[in-house]
Amino acid sequence: MKTQFTRLRGMPDLLPQAIAPWQQLESAVRHAMCAYGYGEIRTPLLERTSLFTRSIGEATDIVEKEMYTFSDRKGESISLRPENTAGCVRAAIENGLLQPGSVNRIWYTGPMFRYERPQLGRQRQFFQVGAEVYGLAGPAIEAELILLSARLWRELGIDKGMQLEINTLGDNEDRTRYRDTLVAYFESHRETLDEDSLRRLERNPLRILDSKNPAMQAVIEAAPALRESLSEASLMHFEQLQALLQGSGIDAVVNPRLVRGLDYYSHTVFEWTTSELGAQSAVCAGGRYDGLLTELGAKAMPGVGWALGMERVIALMDKLGVSPAQHAPDVFVIGTDEVAAADSLALAETIRALLPDCAVVHNTAAGSLKSQFRKADKSGASLAAIIGSDELANGYVTVKPLRGPHEQTSVPALQLGETLQRLLEQID
Ligand code: ATP
Ligand code: MG
């Protein structure tokens, strides 16, 4: 019986014809990270499950129902990373990066895995770019991280309709105080809570505020605000951040309901949302996680960072019409049946050496000249370079522009590079 292999649900293939905006995003990211002095880190896709339960938190959606967790051959529980803040902190501690007084600015990109219900803008394998900073406690580094993301939106041409939402969760003491207030409030509205929220009321009441259940929105709206439980110092931190953002020309809206889905945040949290993408409007999210590093075994060390969803950024690039077109080959090399494959292969190599920035495709399958030209046309190439027995004997190459009004010409070998370059410039 023939077996038909299909991809797993929510795990898309990325094909060459759709890769151009990905590469553009990746190169904009590399450029921006370099401009701000962030170093790239690459950590494994698999980590011990305990790293994620410990850092993200037991009573979060991710840990409760979204992780790909299984036992390896020795029976150890391991998980595909659902996010990479925990992995980065683990790596920083394990590799001794977090010396007292040190500042580390790092960034990463790669696939993340969450067992969610796949829908537009929500997949089970998706890609993130993230930036993380260890060692700076003040609001200035939060402003820097936000400026870095804003620069990316501008560079990619997707700043239109992007809105920054910010909030503060205060420090641990503030949150303990708030937690008590919140539990008392939700206890008195027990009958309106759904099953998830009732469970969270015991384990993590703040997370009730993050519920997406429409039936819960009214009781959440009326809940006491965290703001009233904040200490002077926490309020000052948040006000300073707002002043820094304002001074840098970044428009931020304070959203007191923004709590974020992960347990490890404290003080500032933020999210970039867009009006252009419908329901999955969160493009980038982050915040401060000062408690996480000690939780995972570091000496006291502040941390802050963000992660963006690459699929959503690309959807936005498509929607706003700023995605680049797929690049077609520049030169398509054809050998007539009179010459050996070695001759046309050699011609392609020569052109690649002469024009190192060009895409040169060699037609490895022989055939009539007519069918070879058909393939050349189909490839979208700008020029065809043809080598036959006459060309070989007399030391020239026939060059035929495939687009535009230019005529076919015979080009002496010595002028090949220069002529191809000129024709390519005229065609593009
Ligand atoms: P959401 O509220 O959309 O579920 P989240 O709070 O779970 O997002 P984070 O863990 O903060 O998301 O991840 C940062 C970014 O990664 C999100 O803002 C989003 O752009 C992207 N992202 C998260 N989950 C997915 C997914 N399943 N598919 C595609 N992108 C995702
Ligand atoms: Mg989520």
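Modeller: This is a predicted model.

Biologist: Which residues of H15 are buried, and why are they on the same side of H15?

Modeller: The buried residues of H15 are Leu416, Gly417, Thr419, Leu420, Leu423, Leu424 and Ile427. They are on the same side of H15 because, around the axis, they cover an arc of only 165°.

Biologist: Which exposed residues does the face of H15 turned away from its buried side carry?

Modeller: What covers the buried residues of H15 includes helix H12, along with strands S12, S14, S15 and S16. On the face turned away from that buried side, the exposed residues are Glu418 and Glu425.

Biologist: How far does H15 reach from its first C-alpha to its last?

Modeller: H15 runs over residues 416-427, which is 12 residues. At 1.5 Å a residue, a span of 16 Å is expected. The helix comes close to that, with a reach of 16 Å.

Biologist: Turning to H2, how many of its 8 residues are buried?

Modeller: Helix H2 covers residues 49-56 and is mostly covered. The buried ones are Thr49, Leu51, Phe52, Thr53, Ser55 and Ile56. Elements covering them include strands S2, S3 and S4 and helices H3, H4 and H10. The number of buried residues in H2 is 6.

Biologist: How is H2 set against H4, and how do the residues of their contact divide?

Modeller: The axes of H2 and H4 come within 9 Å and cross at roughly 110°, which means that H2 is roughly perpendicular to H4. In the contact, Leu51, Phe52 and Ser55 of H2 meet Ala86, Gly87 and Arg90 of H4. These residues divide into 3 nonpolar, 2 polar and 1 charged.

Biologist: Which residue just after H2 takes a positive phi?

Modeller: The phi in question is about 110°. The residue just after H2 that takes this value is Gly57.

Biologist: Does Glu116 count as buried or exposed?

Modeller: Glu116 is in the loop between strands S5 and S6. Leaving aside neighbours within four places in sequence, Glu116 is in contact with Glu66, Arg122, Gln123 and Arg124. Its relative accessibility is 12%, so Glu116 counts as buried.

Biologist: Where does Pro302 lie, and is Pro302 buried or exposed?

Modeller: Pro302 lies in the loop between H10 and strand S11. Not counting residues up to four places away in sequence, Pro302 touches Val133, Tyr134, Gly135, Leu136, Ala137, Arg288, Asp290 and Leu293. The cut-off for buried is under 20% relative accessible area. At 17% relative accessibility, Pro302 therefore counts as buried.

Biologist: How many Å apart are Pro302 and Arg352 in space?

Modeller: In sequence, Pro302 and Arg352 are 50 residues apart. In space, C-alpha to C-alpha, the two are apart by 50 Å.

Key: Residues numbered from 1 in each chain as written. Chains lettered and ligands numbered in written order. Predicted model: local features only at pLDDT ≥ 70, side-chain atom pairs only at ≥ 80, totals over all residues. Heavy atoms only, no water. Helix = DSSP H or I, 4+ residues; strand = E, 2+ residues; numbered from the N terminus. Expected span 1.5 Å × (residues − 1). Buried < 20%, exposed > 50% of the residue type's maximum accessible area, 1.4 Å probe, protein only. Arc of directions from axis to C-beta. Contact = heavy atoms within 4.5 Å. Axes fitted to C-alpha atoms, helices over the stretch in contact; angles between N-to-C directions. Parallel < 35°, antiparallel > 145°, perpendicular 65-115°, else oblique. Nonpolar A, V, L, I, M, F, W, Y, C, P; charged D, E, K, R; others polar.
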